[in-house]
Amino acid sequence: MNDRRSLTWDLIDNIAVNDAAEVAHVDLHTIHTDELRIDAIKRKITDLKKSGKSENRFLILESFESISDEQRMDAILKLIGCQNSGINLVVSASEPIVHLVGLSEFMIRLLPSEKVLTDVYRLNNQKVLFSLPTVQN
């Protein structure tokens, strides 16, 4: 969990370099009910839509698995319009969530090589946006 949280904050710092992007972050693990989690997602989407920046808007959702299976589709329905609104999604979860496939252009790859611990990869142009190197002892 701490490694994932650290990775998320590194991601936020790298995306928001020089105020080139608008970043909204929701750590769903810290919110205690599904209703409040979905409301937080909805609120961040609304904030990003109202933001003055037309390009480079990112919604980063951490610990998506915190939403119960019964409420997961409700959360995903809130995310479906993001791409059409110009909001890029980055979602972290400790388990694969097949419903999210196609909603994001970005993928966080863990251990893509011996020298790279993780990287953020853009699917549509198949480019690595940035990488975090492994710690050498």
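How many bridges join S1 to S2? Six bridges join the two strands, which run parallel. Two strands count as paired if DSSP finds at least two bridges between them.

The model is predicted: local features need pLDDT of at least 70, side-chain atom pairs count only at pLDDT 80 or more, and totals for chains, interfaces and linings use all residues. Residues are numbered from 1 along each chain as its sequence is written, and side-chain values use heavy atoms, with hydrogens and water left out.

The protein holds three helices and six strands. Helices (H or I, at least four residues) and strands (E, at least two) are DSSP runs, numbered from the N terminus. Read from the N terminus, the order of elements is α-β-α-β-α-β-β-β-β. The protein has 137 residues, and 41% of them count as buried. Buried means under 20% relative accessible area, exposed means over 50%, and partly exposed lies in between (1.4 Å probe, protein chains only). Accessible areas come from the Shrake-Rupley method with a 1.4 Å probe; for residues, only the protein chains shown count as cover. Among contacts with a separation of 6 or more, 54% involve residues 24 or more positions apart. Contact means heavy atoms within 4.5 Å.

Three strands form an open sheet in the order S1-S2-S3, with parallel pairing. Strand S1 (22–27) and strand S3 (87–91) stand at the edges with a single partner strand each, so one side of each has no neighbour in the sheet. Neighbouring strands are turned by 15° against each other on average, direction ignored. Axes here are lines fitted to C-alpha atoms, for helices over the stretch in contact, and angles run from 0 to 180 degrees between N-to-C directions. Strands of a sheet pair through backbone hydrogen bonds, either parallel or antiparallel.

Strand S2 (residues 57–62) pairs with S3 over five bridges, in the parallel sense. Arg57 has Ile87 in S3 as its bridge partner. Leu61 stands opposite Val91 in S3. Val26, in turn, stands opposite Leu61 in S2. S2 is mostly covered, with six of its six residues buried. Arg57, Leu59 and Leu61 are buried on one side, and Phe58, Ile60 and Glu62 are buried on the other.

Helix H2 (residues 34–50) lies across S1, S2 and S3 and runs at about 165° to S2. Ile41 lies in this helix. Ile41 counts as buried because its relative accessibility is 0%. The C-alpha atoms of Ile41 and Leu61 are 8.1 Å apart, although 20 residues separate the two along the chain. Neighbours within four places in sequence aside, Ile41 is in contact with Leu28, Leu61, Phe64, Ile67, Ala75, Lys78 and Leu79.

Leu77 belongs to helix H3 (residues 69–79). Leu77 counts as exposed because its relative accessibility is 54%. Met73, Leu77 and Ile80 form a nonpolar surface patch, with about 280 Å² of accessible area together. Patches are made of residues with over 30% relative accessible area and no salt bridge; like charges are joined within 9 Å, and nonpolar side chains (Val, Leu, Ile, Met, Phe, Trp, Tyr) within 5 Å. A salt bridge is a side-chain nitrogen of Lys or Arg within 4 Å of a carboxyl oxygen of Asp or Glu.
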